[in-house]
Amino acid sequence: MYILSVNFSIESILLFVSILFLISLFATKAGYRFGVPVLFLFLGVGMLFGIDGLGFGFENYNASQIIGTIALCIILFSGGLDTKLEEIKPVIRQGAVLATVGVLLTAFITGIFIYFVVNKLTDNIEISFLESLLLASIMSSTDSASVFSILRSKGVSLKHRLRPLLELESGSNDPMAYMLTVVLIQLITSSSPGENPDYLHAVISFFLQLIIGGLAGYYLGKSSVRLINKIKLTNESLYSILLLTCGIFIFSAVYFINGNGYLAVYISGLVIGNSKFVHKRSSLHFFSGLAWFSQIVMFLTLGLLVNPHELLPVALGSILIGMFMILAGRPISVFLSFLPFRKMHFKDKLFISWVGLRGAVPIIFAILPLAGGVHNARLIFNIVFFITLMSLLIQGTTLTRVANWLKLSDNKRNKNNLMDFDIEFSDDIKSTMTEISLTEEALQKGNLLMNLPLPDQTLAVMIKRDDKYFIPKGKTLLKPGDKLFIITNDEEALLETYRNLGIKDYTLRRN
């Protein structure tokens with residue numbers, strides 16, 4: 001067994017980390033093909049290199065908590081930056097209720113089940129009522145990011161605004177789960193034997209942190225936009241660093257005013273991402289890559305941290321808890337949360353219930369009891385890790401089938417990223433961009449650009465032939481295999497063009 005420590009040279013550590021990254025990145029290709037969540041693969045690579053695998057141990061819980069906290073801060077901030085207000089406005093009430101009331105209900109219902117059922121049916125799990133609620137609270141948030149990595153890899157989009165609803169929930173439910181976890185840890189560790197916990201103080205502190213975090217995130221986000229637009233930096237790349245600095249400052253500063261930093265950093269990202277500021281496109285691209293980097297670091301660290309042989313003794317209890325959350329806890333909380341919204345479809349609620357994947361966030365939160373000295377902290381950590389793997393394998397690999405079974409998948413518009421034309425427009429320019437790979441069938445009516453049945457307000461602005469790009473004219477001679485880049489503000493006319501050209505597989509992107 002090899003324990004990672006400062007005794008290793010920096011070159012050895014960098015080599016080890018780079019190998020982990022390379023294997024993880026190659027593993028994602030197989031994950032997309034078979035519908036396995038990327039998160040599961042990253043965790044699996046970490047476990048492969050861990051103590052029960054190749055023998056590299058990483059048992060520093062404080063360092064893991066720091067890595068996880070920083071990574072989660074960046075991921076939430078990036079999630080806010082990428083969220084479009086115009087998309088979530090129609091579902092903002094449902095998303096807010098699901099991210100707050102839904103989390104509370106999931107934690108309470110599951111906690112009751114753990115204490116009154118699992119404690120009695122298993123020999124290796126025996127925890128108090130508050131510890132049962134703590135375990136349930138840690139697992140009460142979902143990881144919808146892995147959901148969309150599966151749906152996009154299969155080319156599946158969702159009807160009835162389900163995607164923005166789930167994105168809103170995944171970005172805003174972590175603060176509620178974190179608050180529940182912290183409050184319960186405080187109640188467990190501060191109460192002496194025979195002394196009643198101060199529940200009133202815990203409830204007041206809970207809501208104060210949410211209110212302070214929300215308000216601070218909004219106003220600090222507004223201030224960040226003004227700062228970015230006002231300051232004059234010598235290099236445009238520095239604006240991405242400035243944006244990162246603002247996000248980290250907001251997360252950490254809110255902590256010192258007794259607010260919820262996770263909620264603050266997500267809301268500030270939402271405010272900044274929907275505002276105009278200089279070098280916005282390059283900054284958003286920077287954060288997209290940084291968020292992926294943070295996820296990989298976080299998942300690999302958590303995979304190294306766990307000892308798989310410790311999962312076997314808690315397997316039965318973990319399976320009971322996991323199946324209850326999948327089949328009862330999550331569905332009950334979803335249906336109860338949506339009682340005020342009578343117009344929601346029954347099938348929508350069923351799919352949202354199934355999307356309740358456990359992800360890396362519960363594992364990060366499970367480190368908090370270890371750092372806080374909770375009696376059964378290691379037991380809780382192992383159960384959370386087992387249920388996370390179980391949830392990803394069961395729910396994560398069946399999401400596409402469930403969406404198709406419920407007839408909620410919408411494959412009419414396959415909106416993938418442009419591959420051959422890396423072009424971005426401002427958000428103020430409403431347009432649809434697409435690239436077409438010309439075939440013999442598409443050129444049957446003539447091999448000149450003017451012969452293509454392009455509708456009005458649709459322009460063919462560039463052609464890629466082999467490795468060369470050029471701007472076409474009406475008399476430009478087209479060849480099979482040419483990549484044609486098209487811009488239009490009429491998506492229906494563009495779809496008609498595809499039909500006229502006999503093209504079935506295409507890339508469509510609305511700016």
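Y199 counts as partly exposed because its relative accessibility is 46%; the class lies between buried (under 20% relative accessible area) and exposed (over 50%), with a 1.4 Å probe and protein chains only. This is a predicted model, in which local features need pLDDT of at least 70 and side-chain atom pairs count only at pLDDT 80 or more, while totals for chains, interfaces and linings use all residues. Residues are numbered from 1 along each chain as its sequence is written, and side-chain values use heavy atoms, with hydrogens and water left out.

Y199 belongs to helix 10, which covers residues 199–230. Helices (H or I, at least four residues) and strands (E, at least two) are DSSP runs numbered from the N terminus. Apart from neighbours within four places in sequence, Y199 is in contact with L130 and L187, where contact means heavy atoms within 4.5 Å. Between the C-alpha atoms of Y199 and V183, which stand 16 residues apart along the chain, the separation is 9.3 Å.

Two loop residues are considered next. H279 is placed in the loop between helix 12 (261–273) and helix 13 (280–305). K407 is placed in the loop between helix 18 (399–405) and strand 3 (432–437). The phi of H279 is positive, in a residue other than glycine, and the phi of K407 is likewise positive in a non-glycine residue. Their values are tabulated below.

| Residue | Phi | Relative accessible area |
|---|---|---|
| H279 | phi near 55° | 33%, partly exposed |
| K407 | phi near 60° | 60%, exposed |

H279 is classed as partly exposed because its relative accessible area is 33%. K407 is classed as exposed because its relative accessible area is 60%.
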